[in-house]
Amino acid sequence: MHTFSITIENGNLSEALREQLEALGSLVRLQTLETAGDASTETVLEFDAQSFRLGLRPLREAVNLIATEHDALYKAGDKTISASAMVDIFDRVMKQEQQIIDERQRDDLRPDGWGYSALDAITRYLPEHREDLHHDAFWFQFGTFTTSGVWSVDKHQILAILKQQAEDKLLHLCPSFDFAITEGIISRLPDTIDTNENPNWSVWSAKVVEGSRVMRRPRGIVHKLTRISGRSSEGDAGAGSGSSADSDSGESASERKRNIPKVSFDEIGGIDGVISQVREVIELPLKNPDVFRHLGIKPHKGMMLYGEPGCGKTMVAKAIANEVEAHFISVKGPELINKYQGASEESLRKLFDEAREMQPSIIFFDEIDAVAQRRSDAETLRTDARFVNQLLSVMDGVEDYGRICVIGATNRVELIDPALLRPGRFDYQLEVKKPDAEGCRRIFEIVTEEMPLEEDIDRSSFGRKLEGLTGAEISFIAREAAYNTLRRTLGTDSEFNSEKIATYDYSEMRISAADLNTAKTKLTGRSSGGKKV
């Protein structure tokens, strides 16, 4: 928005307006045009951004007179606007101008790092907490790694973004605004930051999904003075060489005790559909709560995973906690039950208090059917009933706890008290089924990835033949096959010879097809037909 024009349909201007325009002198271009095919004339008033700055107040008075006395066509750049919109542009510029003047005159107001508080699209100062990196844009986030640990600051991008914001806010039309001040500040930023040489800066890494694998990639840099107020949901910091920088950033004792599982999604196979739904329900609200605020909805706070034992329910819960770097509290249902009245309820309250203190957190109830069965008056179930009542209470108030999600796992979902499965509690129920043939192939390849199988073994073919088994059973077959190899090569099943074991060349040891088939037969009681796999 750098040029403006006002076309007055009737060229007869009032004396007051003519005096006002004459006072503007060379700041405006005034011309009278005859209307084609008509005896009337049009008066065209044109001025640019520079004239706007130099004649802000007299120009505003002239525009007010035109809007009051004449029918006119108003244009800002190539866009036709209304008279009120043209007046609004002047009012906005005058408001910004007054703000700039106030900032320069008062000592208790600190202008933004770029010289003007209105330029806030990018922050010049260091963030106070690591979590701020996900809510605001900071100057050191603009750039690229030229070599390992060496960050090149993209000053041109910073300059372009701030210049565009200045125009969007009409700052460039303010008489007191000087973008050269901002350009000078940007030019004094460092061109490059070498995290290998400068101990004040560390590489900021983040997890990214590449195909079916979750990888950690360098994302940017972060200053050591940026404290960790809560484990970041996006990434972590490490020195340029890849070592952890948490010890240099004032990490609290409670932060060091956070329990984040090591299991990742790339270690789970055969249940891709389940994983995508779990990430949608749990990862999205913990990582991107603004999406739900925009949609005007509350995310699910509880999820119930159900299915046969060994299908990966616990691994899924651990992997999602690892992905969002949430404090993981795992408890088997019976562990919380105490014979003393009130003790079980107190243990449950402490569990949620811990989750609130260490958020983002995930509370995982394994074998929840053992303590959350349908309530009854039976003497043996009264303790469980009190526990369920307490669980219902804390689940109703889980939204007040913050960034917390509760996951339950069971293979007997029909036993769960219906009140726990209603909306607002464990309202999202997801069945974790046995993997299909392709899922079995994927699981087998994962569990045997680092195992020394003989070269003639087709992992994909053997994996598909395991359809009908759970992930835990497939892991058992791989592990038992390795033991079969030990027994076959070292004779441990007949005689345990420590000297032979100590001197044996392990590099020659390979797991054979027969070892795998024997393991499968031991588990299933079925043979693969003697065919080579």
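In what order do the 3 strands of the open sheet lie, and is their pairing parallel or antiparallel?

Author: The order is S6-S7-S8, and the pairing in this open sheet of 3 strands is antiparallel. The model is predicted, so local features need pLDDT of at least 70 and side-chain atom pairs count only at pLDDT 80 or more, while totals for chains, interfaces and linings use all residues. Residues are numbered from 1 along each chain as its sequence is written, and side-chain values use heavy atoms, with hydrogens and water left out.

Strands here are DSSP runs of E with at least two residues, helices are runs of H or I with at least four, and both are numbered from the N terminus. Two strands pair if DSSP finds at least two bridges between them. Strand S7 (residues 150-153) is joined to S8 by 3 bridges in the antiparallel sense. Ser152 stands opposite Thr192, which belongs to S8.

Other strands pair as well. S1 (residues 3-8) and S4 (residues 72-76) run antiparallel, with 5 bridges between them; Thr7 stands opposite Leu73 of S4. S4 is also joined to S5 (residues 79-81) by 3 bridges, again antiparallel, and Ala76 has Lys79 in S5 as its bridge partner. The hairpin of S4 and S5 has 2 residues between the strands, and Gly77 there takes a positive phi near 70°.

His223 counts as buried because its relative accessibility is 11%, where buried means under 20% relative accessible area, exposed over 50% and partly exposed in between, with a 1.4 Å probe and protein chains only. Leu126 is 97 residues from His223 along the chain, yet their C-alpha atoms are separated by 7.4 Å. Neighbours within four places in sequence aside, His223 is in contact (heavy atoms within 4.5 Å) with Leu126, Asn200 and Trp201.

Next come the aromatic rings. A pair of aromatic rings is described by the distance of the centres and the angle of the planes. Rings of Phe, Tyr and Trp (its six-membered ring) pair if their centres lie within 6.5 Å; planes under 30 degrees apart count as stacked, over 60 as edge-to-face and the rest as tilted. The structure holds 14 such pairs. In one of them, Phe47 and Phe52, the centres are 6.3 Å apart and the planes lie at 50°, so the pair is tilted. Both of these residues, Phe47 and Phe52, are buried. The pair of Phe138 and Phe140 is stacked, because the planes are at 20°, with the centres 5.9 Å apart; Phe138 and Phe140 are both buried. Phe47 and Phe52 also belong to one aromatic cluster with Phe4 and Phe90.

Two helix pairs complete the picture. Helix H8 (residues 272-287) packs with helix H10 (residues 313-324) at an angle of about 30°, and their axes are 10 Å apart. H8 is therefore roughly parallel to H10: angles under 35 degrees count as roughly parallel, over 145 as roughly antiparallel, 65 to 115 as roughly perpendicular and the rest as oblique. The crossing of H8 and H10 is right-handed; a crossing is right-handed if the near helix is turned clockwise from the far one by less than a right angle, and left-handed if anticlockwise. Residues of H8 in this contact include Ile282 and Leu286, and those of H10 include Val316 and Ile320.

Helix H15 (residues 471-490) and helix H17 (residues 513-524) have axes that come within 8 Å and cross at roughly 125°, so H15 and H17 are oblique to each other. H15 passes H17 in a right-handed crossing. Among the residues that meet are Phe476, Ile477 and Glu480 in H15 and Leu516, Ala519 and Lys522 in H17. Glu480 has a relative accessible area of 9% and is buried. Leaving aside neighbours within four places in sequence, Glu480 is in contact with Arg487, Ala519 and Lys522.

For the chain as a whole, there are 17 helices and 16 strands. Of its 533 residues, 44% count as buried. Among contacts between residues at least 6 apart in sequence, 71% join residues at least 24 apart.

How values were computed. Axes are lines fitted to C-alpha atoms, for helices over the stretch in contact, and angles run from 0 to 180 degrees between N-to-C directions.
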